Amino acid sequence: MSEVVCFHQKELRQIYPQEGWVEQDPKEILAVVEECIERTVEKLCELGGRAEDIVAVGVTNQRETTIVWDKSTGEPLYNAIVWLDMRTASTVDQLLEQVPNKTRNKNYLKPLCGLPLSPYFSAVKLRWLMDNVPKVKAAIKADNCLFGTVDTWLIWNLTGGPDGGAHVTDVSNASRTMLMNIETLRYDPTLGKFFDIPFSVLPEIRSSSELYGRIRLSALRDVPLSGCLGDQQAALVGQECLSRGKAKATYGTGCFLLYNTGNVPIESTHGLITTVGYQMGPEAEPVYALEGSVAVAGAALGWLRDNMNLLESAKESEELALSVENNGDVYFVPAFSGLYAPYWNQEARGVICGITEDTQRGHIVRASLEAVCFQVRDILDAMNKDCGFPLVKLKVDGGMTINSLLMQWQSDLIGLEVQRPVVVETTALGAAMAAGRAVGCWDIENVSVESNCTSFRPQITEDERDMRYSKWKMAIERSFGWEGNSMI
């Protein structure tokens, strides 16, 4: 059994220089982390503990977010470009022109790195920085530039920065750059040549659980920094999805599903991406996962509240959804900026189908919640087709999972048991497990941390489930092609 002893958190400021651009200040990221470390250690001491009780530290981070800095001074050369930033759409277009035979096949590199050419991944962001920021170009020419995702930036700074800081990343984060070969777990020359990125700026790829260095920060001086996982992979570990066929879903503004496929990477033919789940030690075999992401989950409730004034707060959604007996045959596809996995249709736009004179506010709210469940079903179906070994139960975490009604509907609409843990900080738990394992304090493979959980089991018939899903599919079809067509 694991439990949170104490914690401190602080919101990180987002910067929006123009539409579609999302940045963060790298120095602010570091300052927030250092403050959280110091305040958490203070709280531990207030509870009667000591800083010396902390045996290891793990890092978990937003993936794909790209930072470049001067290796001799540690000064950032530009703001961090956040994972969901869309400025690189034009860079992707230019890169697609390089695909042989002018096919513009976005999956051209997928056999090597597991990922489609997309604005999200780090190599595309780094390419944009090299093309558009003179300071970055000059630093690379002078061999004075370092690149990293947020994990690398934090580890480098916490272990000494310009004074011998470890310039490293782990396999789970490296697998999101488009520069690492998904099978060899090394930077691939073909990928480096395609993006024209020098490997000298890249961090060393290490396992997810080993000693990267010791922390120099006074509050945790000399404590081993020994765990590193991207946030979604950390949740996979924290949920103990450590064997083939186990999966977790994290519900927030969007929704991320990871499905453990064991020691063999599976190339999806149904719109999912192949990623490294984790590697527990330098000599351990890597564990792979299939990943599918839903762009709009909790964000749909925000839209109903802020744009449509149908809700006072997201918490009100459960009460309003219960005010109607059923969904009234109303289906809401929240494709505000296209659809992600498994459709990958950027021309899709949001639609609400099935409205009649009897439709009430509760039906629209209920349809927005059910849309989350249907999109998860879309991804799970794709995962089952790709893997051939069906899921037995789905483990869930994230802010939306406190809504028990939503979790019951999720179970109903996928026909599987859904398990919600008591300890909801599964991402932090995963990083702690990886760090503890590296220093011999956590036997991940043999000692379960699985806490008591709330289980939700299907309460509707298979016929009803299939009928409602077929209606969802009809609504999906009606969302296609809106952006590409203009009215005459």
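# Close-up views of a predicted model

View 1. Leucine 44 is buried, at 14% relative accessible area. The cut-offs are: buried, under 20% relative accessible area; exposed, over 50%; partly exposed, in between (1.4 Å probe, protein chains only). This is a predicted model: local features need pLDDT of at least 70, side-chain atom pairs count only at pLDDT 80 or more, and totals for chains, interfaces and linings use all residues. Residues are numbered from 1 along each chain as its sequence is written, and side-chain values use heavy atoms, with hydrogens and water left out. Leucine 44 sits in helix H1, residues 26–46. Helices (H or I, at least four residues) and strands (E, at least two) are DSSP runs, numbered from the N terminus. Leucine 44 touches Val5, Cys6, Gly49, Arg50 and Ile54, leaving aside residues up to four places away in sequence. Contact here means heavy atoms within 4.5 Å. Valine 5 is 39 residues from leucine 44 along the chain, with 7.6 Å between their C-alpha atoms.

**View 2. The salt bridge of lysine 27 and glutamate 75.** The two side chains meet at 3.1 Å, N to O. Lysine 27 belongs to helix H1, and glutamate 75 to the loop between strand S3 (67–70) and strand S4 (80–81), so the pair ties together parts that are 48 residues apart in sequence. Lysine 27 is partly exposed at 44% relative accessibility. Glutamate 75 is also partly exposed, with a relative accessible area of 37%. A salt bridge is a side-chain nitrogen of Lys or Arg within 4 Å of a carboxyl oxygen of Asp or Glu. By this rule there are 29 salt bridges.

View 3. The closest N and O atoms of the salt bridge between aspartate 231 and arginine 63 are 3.4 Å apart. Aspartate 231 lies in helix H9 (residues 231–238) and arginine 63 in the loop between strand S2 (57–61) and S3, so this pair joins parts 168 residues apart in sequence. Arginine 63 is buried, with a relative accessible area of 4%. Aspartate 231 is partly exposed at 22%. A network of salt bridges links Arg63, Glu64, Arg176, Asp231 and Glu291.

**View 4. The salt bridge of arginine 104 and aspartate 93.** The N to O distance between these side chains is 3.2 Å. Arginine 104 is in the loop between helix H2 (89–96) and helix H3 (110–113), while aspartate 93 is in helix H2, eleven residues apart. Arginine 104 is partly exposed, at 34% relative accessibility. Aspartate 93 is partly exposed too, at 40%.

**View 5. The largest nonpolar core.** This core has 61 residues, of which Tyr251 and Leu394 touch the most other members. Helix H12 (residues 361–387) gives the most to this core, with 14 residues. A nonpolar core is a set of buried Ala, Val, Leu, Ile, Met, Phe, Trp, Tyr and Cys residues joined through side-chain atoms within 4.5 Å. Beyond four places in sequence, the contacts of leucine 394 include Ala247, Tyr251, Val376, Leu380 and Ile414. Another core, of 45 residues, lies apart from the largest one; among its members are Ile81, Leu96, Ile182 and Leu202.

**View 6. The annotated span, residues 248–438.** An unreviewed UniProt entry annotates these residues as "domain: Carbohydrate kinase FGGY C-terminal". UniProt positions are given in the numbering used here, feature names are shortened, and annotations may be inferred rather than shown by experiment. The span is 35% helix and 22% strand, and its end C-alpha atoms lie 24 Å apart.
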